[in-house]
Amino acid sequence: MSDASLAARGAAADAAAPRRRIRWDLILLIAPLAIATAVIFDIPLLNTAYWAVTDETGALSGQYFREFAESAAYMRIIWRTLLISLEVTVITMLLGYPLAYWATRLTMRPRMIVLGLVVMTFWVSILVRTYAWIVILGNGGLVNRGLQWTGLTSKPVQFLYNEFGIVVGMTNVLLPFLVLPLFAAMIRVDQRLLQVAETLGASRFRIFWQIFFPLTVPTLAASAILVFILSLGFYITPAVLGGGRVPLIANMMDLLINRFARWEIAAVVSIVLMVITLSLYAVYQRLRERYQ
Amino acid sequence: MTLVRFSNVSKSYGSVRAVDDLSLEVSSGEFTTILGPSGSGKTTMLSLIAGIATPTSGRIQLGERDITHVPAAQRNIGLVFQSYALFPHMNIFDNVAFPLRIRKIGGAELERRVAEALRLVRLAEYGRRKPHQLSGGQQQRVALARAIVFKPDILLLDEPLAALDRKLREEVRTEIRELQRGLGITTIMVTHDQEEALSMSDRVVLLSGGKVEQIGSPDEMYHRPMTRFAAGFLGTANFLEGKLNGTGDIVDANGQRFPCYKPAGWASGEVCGVLRPEDIRTDGAEGFVSGTVRDVVFLGEIVRYGVDLDDGRRVHANISGARGRHSEGSKVWLSWDPARVWLLPDTKPQGEPL
Ligand SMILES: Nc1ncnc2c1ncn2[C@@H]1O[C@H](COP(=O)(O)OP(=O)(O)OP(=O)(O)O)[C@@H](O)[C@H]1O
Ligand SMILES: [Mg+2]
């Protein structure tokens, strides 16, 4: 056997050896974090699942799921949450897409100002922003006073403590989650694609709908799913702007646990919510991977 | 027939004059290359023709039509970007069909013309693929198919071969040339590769700093450059600087004589002669000037010698490989046919002809 092939074998053995050795140092380093994660996140979750599928004696049972499925009240709240989330998502898309597009069209300085305003909302507490809507939309708020001053209405319009108020508040909070990724995607669209389309004879309308829009749709879809998922778990905004009259899932859980101590039903609701969220998240990840 | 005419066209970006008071004519059916160093305004010129950019001043005509302010979509010009710019979300068929669908062509006619264009670039089987599933050379050819499928009046190519490896480049080069001849389509190609310009075009436009340095056939550009810049940009040139005397020699500051052929009507004075490396012989026992071989570069078909003349001047000579080799440090005599020395016209001395 030649020296070269011997050397090659030696090198191969060296490379294989560390793979077989157990890296106790690594395991020791990772263990605390892994155990903490399990204790803090997984055990409560498993516990919740356990509550949902057992009865008082601890035997496996679907009774709480049945109770949940047969109750019109729970179903109505879940439907309402899904519906409001959908409304918020659609409105966010309708407002966010043009806003992001407009931002890409601005020159550097105005663009920084617009994006700065959008990012700034992240720095203001969600509680403050929610209460700010009461100042704006309340019966004695800016909008109602304006309407009455112009004589369009004589009585204040009821904007708050109904679904409308919730949708406005949630849209406001969630808009940046759509605008920022969309802006990033739009800025990345190769300008030469649009120019080449123009030389091929395409009108501005066609360039937008057949080139630009399809190239930004994956990001639009992914961001919309993110917004939808986030909407499902909103608590403060429906509590404040809904005035307790329009509870969503999170508010219902609060009632079940803190008012009625129905931990098992709350567990069932969490599981249902989690399944919906995780399925949507899977779609979101799939879209992100495919197009990034 | 003149197809494209630039009349005093300028294009400024802020304080940069990308194209500077440029006038130019391109004839119908010709293959023209725009050659120039990076930043000389080549891409800008194409953009002006395509209508992606509008000139700051001047006039651009297509045939008899003034297109200076006609939108790109109404010019009927096929453009291929250096980056190909295929629509990533459409398959190859739809990419090529795009300009046809805009022109309301559909059904069997659409199928036929797309298939025809793809066949021309030898990609007939690839219609269902997405751009990212093709190699660089294949994407390049799809971009070409998309640019010719709607029968444009002019085809514009911006460094179409720059991203390809050497072998593929030569292949696509031939392909583009044959395609152009076959379709008879007026083509303007941008390149910064002098070899590409010399081998492909009917005419070469040499740009420098947004201005035309020289226009001519490849042969003219190579053998009769007007300026030092043109001589140096197309191929390698030895510059012989000195005083032209009455007997047809260039005499440099050290008294070294370089025989040349004095054109009629030239006065005595400082001139610059161009001598191409392949016109120099190094195999004689005698010659015009002597020097020492300092650098031997084996290039395959030829060997390039860097010879330091006795007065310190470096001269390059290309010798075909078969004709024996000198080694570094050996003394050689250089000679050439005096008629091969080209005197740069822009150095023509003013005064009484000799
Ligand atoms: N959109 C633009 N904005 C500002 N300056 C520009 C723009 N496009 C080109 N320029 C400038 O104009 C000059 C010519 O640019 P151009 O792209 O035409 O050069 P080029 O000859 O194509 O160079 P290369 O071989 O590097 O592609 C350069 O100095 C460049 O910086
Ligand atoms: Mg360029």
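**Exercise 1. Describe the shell around ligand 1 by residue class, and then find which elements and atoms contribute to it.**

Step 1. By class, the shell holds 4 nonpolar, 6 polar and 2 charged residues, where Ala, Val, Leu, Ile, Met, Phe, Trp, Tyr, Cys and Pro count as nonpolar, Asp, Glu, Lys and Arg as charged, and the others, including Gly, as polar. This is a predicted model, in which local features need pLDDT of at least 70, side-chain atom pairs count only at pLDDT 80 or more, and totals for chains, interfaces and linings use all residues. Residues are numbered from 1 along each chain as its sequence is written, chains are lettered from A and ligands numbered from 1 in the order in which they are written, and side-chain values use heavy atoms, without hydrogens and water.

Step 2. Among the residues around ligand 1 are Lys42(B), Thr44(B) and Glu159(B), a residue being near if one of its heavy atoms lies within 4 Å.

Step 3. The largest share of the shell, 3 residues, comes from α1(B), helices being DSSP runs of H or I with at least four residues and strands runs of E with at least two, numbered from the N terminus.

Step 4. Oxygen atoms of ligand 1 lie 3.0 Å from a polar backbone atom of Gly41(B) and 2.6 Å from a polar side-chain atom of Thr43(B).

**Exercise 2. Locate the second largest pocket relative to the domains of chain B.**

Step 1. Its lining divides into 3 nonpolar, 4 polar and 5 charged residues.

Step 2. Domain 1 (2-230) and domain 2 (237-347) of chain B, with bounds from an automatic or database domain assignment, both give residues to this lining, so the second largest pocket lies between them.

Methods
A polar contact is a pair of N or O atoms within 3.5 Å; within protein, one must be able to donate a hydrogen and the other to accept it, and residues adjacent in sequence count only if both atoms are side-chain atoms.
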